[in-house]
Amino acid sequence: MYVAVKGGERAIENAHRLLAHERRGDRDVPEVTLDQISGQLSLAVDRVMTEGSLYDRELAALAIKQARGDMIEAIFLVRAFRATLPRLGATEPVDTGTMRVRRRISSTFKDIPGGQVLGPTFDYTHRLLDPQLAEGHVPEPPATSEPSPAAMPRVTDILGRDGLIEPSPKADADATVGDLTREPLGFPAERDLRLQNLARADEGFLLALGYSSQRGYGRNHPFAGEIRLGEVEVEFFAEDAGFAVPLGPVTMTECQMVNQFKGSSTEAPCFTRGYGLAFGQSERKTMSMALVDRTLRARELGEEVVAPAQDEEFVMSHSDNVQATGFVEHLKLPHYVDFQSELGLLRKLRREFEAAGASSPLREAAE
Amino acid sequence: MNVPAYNFAYLDEQTKRMIRRAILKAIAIPGYQVPFASREMPMPYGWGTGGVQVTAAILGPADVLKVIDQGSDDTTNAISIRKFFAKTAGVATTTSTADATVIQTRHRIPEAPLHAGQVLVYQVPIPEPLRFLEPRETETRRMHALGEYGLMHVKLYEDIARFGHIATSYAYPVKVNARYVMDPSPTPKFDNPKMDNCPALQLFGAGREKRIYAIPPHTSVVSLDFKDHPFTRYRFDAPCALCGAEDSYLDEIVTDDRGGRMFVCSDTDYCGTRQASGHRGTESAAPHKELPLG
């Protein structure tokens with residue numbers, strides 16, 4: 001008697017129980033804590049907050065733990081929670097010009113007002129596995145100095161004073177910013193929605209697309225005008241109070257790419273911008289985002305759209321790793337009835353093929 | 001920590017209202033794909049999030065829910081979705097097609113005829129019937145607006161020229177209310193005629209692609225074809241090995257590695273109901289034995 005798919009309910013329960021067991025690992029080894037994940041795997045937490053679109057270190061750490069370290073699964077957990085949260089409103093735009101900077105570099109000028117600040121970076125480390133780190137290593141305390149009183153204007157603002165770079169579009173205070181998690185996305189999409197999509201996009205996907213643009217698929221020669229990491233204040237305009245109420249600081253990484261633009265009949269040649277912004281320390285993400293933001297401006301800047309990285313429908317429809325992984329992995333679900341239908345068709349076609357004596361070269365030529 | 005608390009049927013009321021508006025618009029324009037702001041659901045995209053959102057938006061406390069996948073109430077994803085609503089909405093669930101008020105389905109339409117007052121909610125992976133002919137949404141929306149379906153007919157014609165048949169066996173395109181060409185979701189084309197003039201409301205939810213569409217009760221649904229190559233259903237030519245049904249869509253079960261096969265109803269409720277009323281197939285109530293091929 002056929003019983004193949006019966007008992008699914010019990011099987012699911014047991015599978016989840018086994019998953020919980022495997023997640024815990026060797027029970028003689030202490031359980032990893034959320035503080036450990038948040039403090040010591042902090043870049044993983046940053047990525048989950050960025051692509052999960054939710055600034056909450058504790059929940060991101062919980063998601064990473066629950067997902068056994070699978071980043072996309074952790075991002076998915078955070079997104080599913082975020083989707084149920086009520087929206088009170090939108091914050092005021094954050095001012096990265098007033099960021100309390102912990103790291104700030106520019107590849108366009110040797111020295112800049114406020115100076116170059118390396119901060120905590122993998123850059124210039126030699127990628128040699130460090131056996132000391134395996135256990136019990138106590139690192140030296142960091143070198144400190146008095147905070148510099150000098151202001152740290154954004155490099156693009158310095159260029160902007162001479163009109164060498166296009167101005168950032170002025171925010172329209174009355175216009176609401178698009179939100180693709182609340183309104184269905186349509187094409188062509190404007191830059192606010194594109195940037196939101198890119199901010200949530202899979203880091204690896206953006207990295208590959210940005211890389212492809214550097215290798216000539218939609219080339220527009222970029223310079224890293226500035227990358228800065230630090231804390232910015234988030235403020236919310238409270239209608240009741242009549243003024244902007246500070247909500248607290250968030251850590252962000254911002255990247256401004258400076259790109260060539262040849263100008264047009266109506267506009268003088270000037271540099272153009274590509275923009276990247278993410279929660280936490282997410283340099284690879286913001287740099288990739290800035291490259292792709294710029295390539296996606298092809299339509300606006302009158303450039304020919306020839307490469308995948310310039311094609312907004314292609315990029316925006318495939319950048320979301322939660323969507324992508326769901327649809328790729330849904331192939332694990334049963335497809336018996338469709339497959340049966342295909343089997344029926346294929347058997348019929350093969351029968352007809354054999355009956356027609358398809359080996360005859362004349363018949364093939366006739367087709 | 002922000003401990004989550006969830007609303008009836010999981011979604012918040014604002015989201016449900018937004019989805020209901022999309023559903024109403026979809027009913028008003030049969031076969032037209034209405035964009036909606038699909039949410040991240042607690043199950044993966046591609047696993048029924050569109051259907052789940054539609055069901056969550058229409059479900060009331062008095063509803064009786066049935067969930068099937070591949071026609072079966074017992075496949076793992078059907079169980080998972082049924083449990084989700086039993087938990088988040090506390091609604092009664094059933095496996096009986098006749099008793100259900102809302103039926104969420106993936107890949108099948110139940111064999112038992114649906115009746116007025118029922119809602120059939122389809123899970124849809126790719127809502128756009130023209131997608132594999134034209135990948136761009138901007139283009140396909142224009143084609144729908146203009147009723148420009150020549151490309152689809154050319155595709156079907158090319159199938160006939162190459163294979164002698166229309167080589168689409170599931171997700172077979174239909175024209176709804178003589179206006180919009182629609183993807184019936186990946187149901188085998190065997191099920192297409194059941195959509196036509198159906199007394200139940202048919203709703204389609206595509207979560208990842210953020211589209212909802214609908215076939216109101218008693219709407220004409222015509223499978224695309226040509227006069228000299230009329231639409232035909234496909235069904236493996238055998239009675240169900242368990243209930244003897246000659247009219248149901250069959251699953252092919254591989255019973256060994258020497259070519260052994262058996263064919264049983266894909267709709268488990270239909271098969272079980274028939275067996276309960278005394279219908280028997282060659283394999284029922286008997287230990288498994290080898291069946292000759294076909």
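Mentor: Chain A holds 13 helices and four strands, where helices (H or I, at least four residues) and strands (E, at least two) are DSSP runs numbered from the N terminus. This is a predicted model, in which local features need pLDDT of at least 70 and side-chain atom pairs count only at pLDDT 80 or more, while totals for chains, interfaces and linings use all residues. Residues are numbered from 1 along each chain as its sequence is written, with chains lettered from A and ligands numbered from 1 in the order in which they are written.

Trainee: What radius of gyration does chain A have?

Mentor: The radius is taken over C-alpha atoms, and the globule rule is 2.2 Å times the number of residues to the power 0.38. For 367 residues a compact globule would come near 21 Å, but chain A has 26 Å. Its C-alpha trace spans about 85 × 70 × 55 Å along the principal axes.

Trainee: How do α3(A) and α4(A) cross?

Mentor: Axes are lines fitted to C-alpha atoms over the stretch in contact, and angles run from 0 to 180 degrees between N-to-C directions. The axes of α3(A) (residues 42–52) and α4(A) (residues 57–66) come within 9 Å and cross at roughly 105°. The two helices are therefore roughly perpendicular, a class that covers 65 to 115 degrees.

Trainee: Which residues of α3(A) and α4(A) meet?

Mentor: Contact requires C-beta atoms, placed from the backbone, within 7 Å. Ala44(A), Val45(A), Val48(A), Met49(A) and Gly52(A) of α3(A) meet Arg57(A), Ala60(A), Ala61(A), Ala63(A) and Ile64(A) of α4(A). Eight of these residues are nonpolar, one is polar and one is charged; Ala, Val, Leu, Ile, Met, Phe, Trp, Tyr, Cys and Pro count as nonpolar, Asp, Glu, Lys and Arg as charged, and the others, Gly among them, as polar.

Trainee: How many residues does each chain give to the contact of chain A with chain B?

Mentor: Chain B gives 53 residues and chain A gives 45. On the side of chain B, the largest share, four residues, comes from α3(B). By class, that side has 24 nonpolar, 15 polar and 14 charged residues.

Conventions:
Contact = placed C-beta atoms within 7 Å. Parallel < 35°, antiparallel > 145°, perpendicular 65-115°, else oblique.
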